[in-house]
Amino acid sequence: MTSNIRPETMERITTPALAEAFIAEQIAAVREQVGDKKVLLALSGGVDSSVVAALLIKAIGKQLVCVHVNHGLMRKGESEDVIRVFGEELDANLIYVDATDRYLDLLAGVAEPERKRKIIGEEFIKIFDEEAAKLEGISFLAQGTIYPDIIESKGVKAHHNVGGLPEDMEMELVEPVKLLYKDEVRVVGEALGLPHAMVYRQPFPGPGLGVRCLGAITRDRLHALREADAILREEFDKNGLNHVWQYFVAVPDFKSVGVRDGKRYEGWPAIIRAVNTVDAMTATIEEIPYAVLHRITDRITHEVEGINRVCLDLTPKPIGTIEWE
């Protein structure tokens, strides 16, 4: 097992060759640590947990049990991607839990952002604990801890998988990428053969679309948000804007009047936010070409039921935070 201190002599992983050497080293270390025991991993579909899953599958195969909880607040197609890549292509021992109704029932009528986050985080822990209790012979818990987590939060992966993991799980941790920075994790992910889109997935808050469906979440507005966000991502990809650090749609809990088919039509606004940052402490606004904005606006207002306006957030950080909630 490695310590929580990155050696000063440790070479940064910047090439496929260095990534392959790291993977071989970690496969040997994991096999030595785990032996013939089973390992449990909460697989969110984010970069860190996905890379850890792929590495552990290579090291111990079916001894790894992955649990993916769909809280109904994922972006369009994300849970399907997890199932396809890990369940089908990598033949992982994958448990999929669709907890959409469970989450949305709990969140009904809850508008306060921190209360929403708490509900989402606590429910994740309950579900993960329930699934773990069904399994036998689990001795290890894998986590996608990376080096900034150790530096910033004293080794506690608090933001990972929504709200952390149950504190009373008496399992030894397996954290094969804990001495790597995010850019190194991505290089390792590509060397492991994970899809580029998964390895370079944008930062996504643990509560998911729950903090972008502003105010109390309703199923119809959440659906509109998911569809509008998918259009934004598709158009950014088409127009070479996927270099932007983070871009997304937020939909507030109020309506404005519009016109459709010659009649008054009340709908929600979709707010586009696109920012660039190095450390997330400050952020600048990406200047999106107007032709692209017009295309996005036309598609969202014509293809997404319930949205009748598109607005652009031009606020840097500070004074605005990256997320709205």
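Tyr147 is buried in this predicted model, and its relative accessible area comes out at 12%. That puts Tyr147 under the 20% cut-off for a buried residue. Its ring partner is Tyr181: the two make an edge-to-face aromatic pair, 5.6 Å centre to centre, with 85° between the planes. Tyr181 counts as partly exposed, at 27% relative accessibility. In total, the structure holds three aromatic pairs.

For contrast, take Ala17, a residue of helix H1 (residues 16-34). Ala17 is exposed, at 58% relative accessible area.

| Residue | Relative accessible area | Class |
|---|---|---|
| Tyr147 | 12% | buried |
| Tyr181 | 27% | partly exposed |
| Ala17 | 58% | exposed |

Five strands make up an open, parallel sheet, and they line up as S3-S2-S1-S4-S5. Which strands stand at the edges? They are S3 (93-98) and S5 (172-174); each has a single partner strand, so one side of each lacks a neighbour in the sheet. Ignoring direction, neighbouring strands are turned by 30° against each other on average. Further in, S1 (residues 38-42) and S2 (residues 64-70) pair in the parallel sense over four bridges, and Leu40 stands opposite Val65 in S2. Helix H3 (residues 78-89) packs on this sheet, where it touches S2 and S3. The direction of H3 makes about 165° with that of S3.

Then there is a helix pair worth a look. H4 (residues 100-107) and H5 (residues 113-133) have axes that come within 10 Å and cross at roughly 145°, and the crossing is right-handed. On the H4 side, the contact is made by Arg102, Tyr103, Leu106 and Leu107. H5 brings in Lys116, Ile119, Ile120, Glu123, Phe124, Lys126, Ile127 and Glu130.

Terms used
Residues numbered from 1 in each chain as written. Predicted model: local features only at pLDDT ≥ 70, side-chain atom pairs only at ≥ 80, totals over all residues. Heavy atoms only, no water. Axes fitted to C-alpha atoms, helices over the stretch in contact; angles between N-to-C directions. Helix = DSSP H or I, 4+ residues; strand = E, 2+ residues; numbered from the N terminus. Left-handed = near helix turned anticlockwise from the far one by under 90°. Contact = heavy atoms within 4.5 Å. Pairing = 2+ DSSP bridges. Phe/Tyr/Trp six-rings, centres within 6.5 Å; stacked < 30°, edge-to-face > 60°. Buried < 20%, exposed > 50% of the residue type's maximum accessible area, 1.4 Å probe, protein only.
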